[in-house]
Amino acid sequence: WTWVGGSNTPNAAAVYGTQGIAAASNVPGARMGGSAWLDASGNVWLFGGLGLARGGLAQEYNDLWEYSPASAQWTWVGGSDGANAAGVYGTQRAGTAGNSPGARVSAVSWKDHAGNFWLFGGYGYDQFGSAGNLNDLWQYNLGAGVWTWIGGSSSTDRKSVV
């Protein structure tokens, strides 16, 4: 094993920097239950998970990060820099810059043959900011840099299926 970077103490806080700008000081906070994948260039992508928020409480996150092994730098790509963010669903199957899955932990994730990232469910926050088990399906289009809500409910109470 080779320690590449990040804190050597538990429960380290995130350093977000400026969204979209890689920097040596940027780093996601300590997490568990986040989702990750590698792109075709060998960059590591990380979405959400459970971490400690300001004040020391365990909270869910929906931040999206990219790590470049070539530059050894993290970039905060999207999502909130705060905990427990509600999802912004938009219209099903319409990817826009404003869409974002809510903060969550323990989602199922995979990468398709085109390099897009898929995210399903987990425990987190719906469009109303209510916490619970989720059954929403999302796609992150790496080329366009946008999230698309594909299906499932936008609400943890399952009353909203649109």
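**Close-up views of a predicted model**

**View 1. Strand β5 meets strand β7.** Two bridges join strand β5, residues 104-105, to β7, and the two strands run antiparallel. Please keep in mind that this is a predicted model. To find your way in this view, look for Val-105, which stands opposite Tyr-123 in β7. Strand β7 itself spans residues 117-125 and is mostly covered, with seven of its nine residues buried.

View 2. Lys-111 is a handy landmark, standing opposite Phe-117 in β7. Five residues lie between the strands of this hairpin, and Gly-115 takes a positive phi near 90 degrees.

**View 3. Strand β7 also pairs with strand β8.** Phe-120 can be found opposite Leu-137 in β8. The hairpin of β7 and β8 has five residues between the strands, and in this hairpin Gly-129 takes a positive phi near 85 degrees.

**View 4. A salt bridge links Asp-136 and Arg-104.** Staying with β5 and β8, we now turn to their side chains. Side chains of opposite charge can pair when their charged atoms come close. In this view, Asp-136 forms a salt bridge with Arg-104, and their closest N and O atoms are 2.8 Å apart. Asp-136 belongs to strand β8 and Arg-104 to strand β5, so the pair ties together parts that are 32 residues apart in sequence. Are these two residues buried or exposed? Asp-136 is buried, with a relative accessible area of 0%, and Arg-104 is buried too, at 1%.

**View 5. A salt bridge links Arg-31 and Asp-63.** The structure holds two salt bridges, and this view shows the one between Arg-31 and Asp-63, whose closest N and O atoms are 2.7 Å apart. Because Arg-31 lies in the segment before β1 (35-38) and Asp-63 in strand β3, the pair ties together parts that are 32 residues apart in sequence. Arg-31 is partly exposed, with a relative accessible area of 22%. Asp-63, on the other hand, counts as buried at 0% relative accessibility.

View 6. Gln-59 lies in strand β3, which spans residues 58-68. Why does Gln-59 count as buried? Its relative accessibility is 16%, and buried means under 20%. Leaving aside residues up to four places away in sequence, Gln-59 touches Gly-49, Leu-50, Gly-51, Ala-53, Ala-83 and Asn-84.

View 7. Rolling a probe the size of a water molecule over the atoms shows where empty space is left. How much space lies in the largest pocket? The answer is about 410 Å³. Of the 20 residues lining this pocket, Gly-5, Gly-6, Ser-7, Val-27 and Trp-74 are the closest to its centre. Sorted by class, the lining of the largest pocket has 13 nonpolar and seven polar residues, with no charged ones.

Terms used. Residues numbered from 1 in each chain as written. Predicted model: local features only at pLDDT ≥ 70, side-chain atom pairs only at ≥ 80, totals over all residues. Heavy atoms only, no water. Helix = DSSP H or I, 4+ residues; strand = E, 2+ residues; numbered from the N terminus. Buried < 20%, exposed > 50% of the residue type's maximum accessible area, 1.4 Å probe, protein only. Contact = heavy atoms within 4.5 Å. 1 Å grid on protein atoms, 1.4 Å probe; cavity = no way out; pocket = protein on both sides within 12 Å on 5 of 7 lines; lining within 4 Å. Points joined across faces, edges and corners; volume = space filled by probe spheres on them. Nonpolar A, V, L, I, M, F, W, Y, C, P; charged D, E, K, R; others polar. Pairing = 2+ DSSP bridges. Salt bridge = Lys/Arg side-chain N within 4 Å of Asp/Glu carboxyl O.
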